[in-house]
Amino acid sequence: MSNRYSSEQLKWIYEKLTLIREFEERIYRDYLNNKLPGFVHLYAGEEAVAVGVCALLRKSDYITSTHRGHGHCIAKGVDPKHMMAELYGKATGTCKGKGGSMHIADIDCGMLGANGIVVAGLPLACGAALSAKVRKTDQVAAAFFGDGSSNSGAFHESLNFAAVLKLPVIFVLENNGYADATPIRYAAAIENLSERARGYGIPGVTVDGMDVFSVMEATEEAVARARNGNGPSLVECKTYRYYGHFVGDAGLYRSKEEVEEKKKEDCILRYEKRVLAEKWLSQQELREIQRQSLESIEEAVRFAEDGPDPELKECLEDVYVSY
Amino acid sequence: MKSERILTYREALNEGLRLAMREDPRVILLGEDLAGGAGGTPSQVDAWGGAFGVTKGLIQEFGPERVIDTPISEMAFIGAAVGAAMTGLRPVADLMYVSFVGVCLDQIMNQAAKLRYMSGGKIRIPLTIRASIGAGMSAAAQHSDCIYSLFVHIPGLKVVAPATPYDAKGLLYASIKDEDPVIFIENKTLFNSKGPVPEGSYTVPLGKAQVKRQGKDITIVAISRMVLEALKATDDLAVSGYSAEVIDVLSLSPLDMETILASVRKTGRLIIVDEDYPKCSVASEIAAIVSAQAFDYLDHPVQRVVPPHAHVPFNPALEQYYLPNSDKIVECALGMVTSQPSS
């Protein structure tokens, strides 16, 4: 394959992949050391999907996300410093400490929020796409959701709704094989969930979600379709999460061997192999980016630790614009 | 003398929507059968104009881009209304029957109500959701709910319920202009009711109750169609020599307790008439607040004239037995004004 991607784009991709991986790995350790309140749901292993999709989106495009949203946030351009502060519940967090891990949102980046309710992001993304259509901009909306969500009612409603109104939506199904503790091979009667697209009259494709380039190729087509007014698409990315549903989940529903096998397909290792083999980037360039990512996360943790707690009166603020 | 312009409640709502849509291109309508006949021939489009005819004629002026008929998918279109409100539009979504909230409660309770707070104030959701309530038409239990107390209960939502055509138009216009999610409650039994409605745009503000009739012996606070029952009761009480003050709550959340408390301080007696289910109702909420803030002014315990803890029956006689009405209000009021004041 000829190099259709610029050096800048390829570096951006590696930066985002390593930032997400470092962010998640760091949280894993800090959470187990009791530094973070609440729960965290880690994206480590799935980076190629968030990065591959967001590589094709503009800042003004919209995304909606899930409870497992750190990867989507970073890929869309949300500042990891403020994200980390949000996880610590600090006033300097993306949401002033009032949302936490599952609800990080940054409207300026088009990030309409991680969401604690399964499949809730899909109707919201349809709305953002509808808004773009009514306002006659060529913005698009990408909805990230999991294999478990695709069994839930609002998935089916949203696909039909977007199809009927020809909304500029890209439905990105991150099939990591498990919904909480239940494998998708039990919870769905079909193998490739993208087949469901046909039932709604929209194009659907299944790709290797552990390969950034495969994700990018499918997304490029879906984004073009949406931007040209030709409606929605379903892109199923088969991927894998290295950690449990949440940190603390022993993961007894899958074998350690399975996890180790999947790590051999790691998206970052594959990306490195590819760009080096094609001589698109050098070993030195990769190492430099990785070093910078590590430093960014270190800085993010310091920023979070040093940040103030929100004042008590914040509890009462932002329920309404005015009341 | 210039004669007043009389419109039905339905026409008043239609006018409120039309004016709002003319003034602001960001206002769009979403819902089932808002036009009807979607995708059909010109003579088929706008076959209904809404299940109750409220949106008739709007698609001709604003087109299918802004008057959007949706498939039967409340989760999708209410959720889309939230998403569109987050991204620059001012949608008015039609839930049709408030009972259908059962199908899309997440989109209202966990998304519309909470996203602003959880995002630390970055997200703004200027959404209006219209829903019809009310028993009295033999529509039976699943199509006669009020359940607005459910929405009042949830922080992040505003709730309004007009009883007259004048209030319907002004309150709808104000709700669309409001920056927060507003649940706009229309009583289905009032669509044909008539009243004076000025031309042009005007607002009936959220957060203000209205004294619809002045009096000094007893305060009757009422919601939606119960305001009309309260006014009828007031006429009957006047015959018996008692003067009742009727307060139309109008805005259930935010609730104007100032107006209610001022009246209670004057009369010393309070009846709250509420068609919603009795347990944890808005009537209960008002009673609790009055008890806490005007205890010394009360000459009689606060009374609620409300349905029983049961469902709306289909049989018309049973339905009338179920509903609060002016006779029940009069009976309750007479029991309160003739008892000795507590001192």
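**Entry 1**

I am working on a predicted model: local features need pLDDT of at least 70, side-chain atom pairs count only at pLDDT 80 or more, and totals for chains, interfaces and linings use all residues. Residues are numbered from 1 along each chain as its sequence is written, and chains are lettered from A and ligands numbered from 1 in the order in which they are written.

Helices (H or I, at least four residues) and strands (E, at least two) are DSSP runs, numbered from the N terminus. H3(B) and H4(B) pack at about 20°, and their axes are 8 Å apart. The pair is therefore roughly parallel (angles under 35 degrees). Axes are lines fitted to C-alpha atoms, for helices over the stretch in contact; angles run from 0 to 180 degrees between N-to-C directions.

Next I listed the contacts (C-beta atoms, placed from the backbone, within 7 Å). On the H3(B) side I noted Glu74(B), Met75(B), Ile78(B), Gly79(B) and Val82(B). Among their partners in H4(B) are Val103(B), Cys104(B) and Ile108(B).

**Entry 2: the side of chain B that touches chain A**

I found 38 residues of chain B in contact with 36 residues of chain A. H3 (74–86), H4 (101–112) and H5 (115–118) of chain B each supply at least two residues of that side. H3(B) gives the largest share, 10 residues.

**Entry 3: the sheet in chain B**

I traced an open sheet of five strands with mixed pairing, in the order E9-E11-E10-E13-E14. Strands pair if DSSP finds at least two bridges between them. The edges are E9 (210–213) and E14 (303–305), each pairing on one side only. The twist averages 30° from one strand to the next. Helix H8 (226–239) packs on this sheet and touches E9, E10, E11 and E13; its direction makes about 170° with that of E11(B).

I then checked E13 (270–273), which pairs with E14(B) in the parallel sense over three bridges. Ile271(B) has Gln303(B) as its bridge partner there.

**Entry 4: Lys208(B)**

Is Lys208(B) buried, exposed or partly exposed? I get partly exposed, because 16 other C-beta atoms lie within 10 Å (buried is 20 or more, exposed 12 or fewer, partly exposed in between, with C-beta atoms placed from the backbone). Lys208(B) sits in the loop between E8 (194–196) and E9. Not counting residues up to four places away in sequence, Lys208(B) touches Leu250(B), Ser251(B) and Asp256(B). Its C-alpha is 8.1 Å from that of Pro254(B), 46 residues apart along the chain.

Conventions:
Two residues are in contact if their C-beta atoms, placed from the backbone, lie within 7 Å. Angles under 35 degrees count as roughly parallel, over 145 as roughly antiparallel, 65 to 115 as roughly perpendicular and the rest as oblique.
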